[in-house]
Amino acid sequence: MLSLKDRLTEILINNKLITKEQLDRALEVQKNKGGRLSDIIVDLKFIKEKELISTLSAELGFPLIDLKRFKIDYEVAKLIPADIARHYQIIPLSKMGETITLAMADPLNIFAIDHVNSLTGFKINPIISSVQDILQTIELAYPDATKGVIDQLVKEMAVSSIEFVQEEKEILPSDQELGRISRQGPVIQVTNMILEEAIKNKASDVLIEPMEKTLRVRFRIDGILQEQKSPPKKMHPPIVSRVKVMSDLNIAEHRLPQDGRFKVQLSGKEVDFRVSILPSGFGEKVAMRVLDKSQATLDIEKLGFNQACIAKLKKAALLPHGMILVCGPTGSGKTTTLYSILKFVDSPEKNIVTVEDPIEYQLEGINQVTVRPEIGLSFAATLRSILRQDPNVIMIGEIRDYETVDIAIKSALTGHLVLSTLHTTTAPGSIVRLVNMGVEPYLINSSVVCIVSQRLIRKVCSRCKESYFLKKGLTQNLKLGLSQPESVEFYRGKGCAYCFKTGYAGRTAIAEVLMLSTNIRDLILKKAQEHVIKEQACKEGMKTLRQEGIEAALAGITSLEEVLRVTAPDERVL
């Protein structure tokens, strides 16, 4: 008997659902990356999943069932152990006399049919359904499969008030019943507990990491990873599956990285989670970015920058055209700064379009586009289309290559205000980076008006804050550039219950803002080195990140240790 893969290729070509070239491309992807051929064809957008399943049903002669509309018979499900159901991607639906109706992703799998037949003694009536629907139904059909492992943990937990929010999906009666069942069971409760704790602790990221013998859960709070109480290692696979279900990912795929997102509701507010799943040596690692709109500050006045930096940013943002670049490492608040500038310039008279990967926050009144490189919708391709949409302001999530920066600069030169980010460490370093990417110096001078380099620093906890004095000798050894008398007053947190004994609570931003003056533009034309541009900018009033950090420490906003951790020392600066 032919396998499903062989029949699939035959059916798709004979019915002219895909071309020979598309099939060859899908087979090449399968050869290089693995995975099911049917899933690859759907992922490449050659055919819709519903159309594929429907065609297979008609051609193979097996009935088609939508499991989302089917109410599970738990007594029938018990006829087949959960591990066997997952292994073969099957789920028993009903029993009539001596026959079991079996939903299968691959109804031609005679090994699965023979195994179930010998295990139960019943005849098998196979019907067809999608892999994802089957695996999600398996999770619901065996709610107590992992109960014995975590009974004690569940007893210690309070009932979670978090609720999974599904968007733009029709809720049918059977869906409501499945939703009620899915909120029961220990795996759902434990996953919800992790998400709820992350939101309550104002974490920016959640990491679920399988180790050799343990499972580690960590939250990134105020930029620092903190280990949390973790479930047993045996709970790792079902927790990952639950996250995949919530993110609408393929829970049958364990070899390839996957990205998705989902939304939950807690205490009347909605919180987005951006999900990345990465296969590792001990299982799949889950990283979730927490996007809590209630915690987001999209007001340029409240970012934490000093008034001089804000004034420069506003001046640049109010220009009719030109490019504003925000640079810094991952997690330094670049996108938040860009959003704040967009909100500042937004008005009914302006057409604002953003290109992002992915969209972090939905902004009312602003057109936001997500890039999708897998189908050819790159930053550069999207930008070309956006320029035909008559925009006044364009935001590009990140400049990654010459093609993108070339279009961005041409956009700035043709009357658009362009905002974007760049992965460099300093504002003067961004100019050198653009030159290295192949941009001509005269184009930089004609398009770029302002470059911001920023960092997020932790604020000293206001409840356990104390002052201390640092002797002049130490300030000189640390190259702080201070000319104060014998000792200097700084602040630190002793550590209390409010700040989890860290001495810090919350974060704020510091920034160096480089405005392109006539002297700076002359240096750019000469392709001057970074430190030369930096020295000239400092002569004209730019304060470096280290200088901004020291001022924040002297004002009691942060600690000296935090400034030294986040910023690099200034070399060759006047």
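Predicted model: local features only at pLDDT ≥ 70, side-chain atom pairs only at ≥ 80, totals over all residues.

Student: OK, how many of the residues of H11 are buried?

Tutor: 11 of the 15, so H11 is largely enclosed by the rest of the structure. Among the buried ones are Pro186, Asn192 and Glu196.

Student: And what follows H11?

Tutor: Lys202 comes after H11, and its phi is positive, near 60°.

Student: Switching to the largest nonpolar core: which residues have the most contacts inside it?

Tutor: Met323, Leu434, Ile451 and Leu514, in a core of 38 residues. Helix H16 (residues 402–413) gives the most to this core, with 5 residues.

Student: What does Ile451 touch?

Tutor: Leaving out residues up to four places away in sequence, its contacts include Leu325, Cys327, Ile431 and Leu514.

Student: Now the rings. How many aromatic pairs are there?

Tutor: The structure has 2. Phe262 and Phe273 have ring centres 5.1 Å apart and planes at 10°, so that pair is stacked. Phe262 sits in strand E8 and Phe273 in strand E9. Both Phe262 and Phe273 are buried. Tyr468 and Phe490 make a tilted pair, 6.4 Å centre to centre with 40° between the planes.

Student: Where does the charged end of Lys465 sit?

Tutor: Over the ring of Tyr491, 5.0 Å from its centre. Arg458 likewise lies over the face of Tyr504, at 3.9 Å from the ring centre.

Notes
Residues numbered from 1 in each chain as written. Heavy atoms only, no water. Buried < 20%, exposed > 50% of the residue type's maximum accessible area, 1.4 Å probe, protein only. Helix = DSSP H or I, 4+ residues; strand = E, 2+ residues; numbered from the N terminus. Core = buried A, V, L, I, M, F, W, Y, C linked by side-chain atoms within 4.5 Å. Contact = heavy atoms within 4.5 Å. Phe/Tyr/Trp six-rings, centres within 6.5 Å; stacked < 30°, edge-to-face > 60°. Lys NZ or Arg CZ within 6 Å of the ring centre and 35° of its normal.
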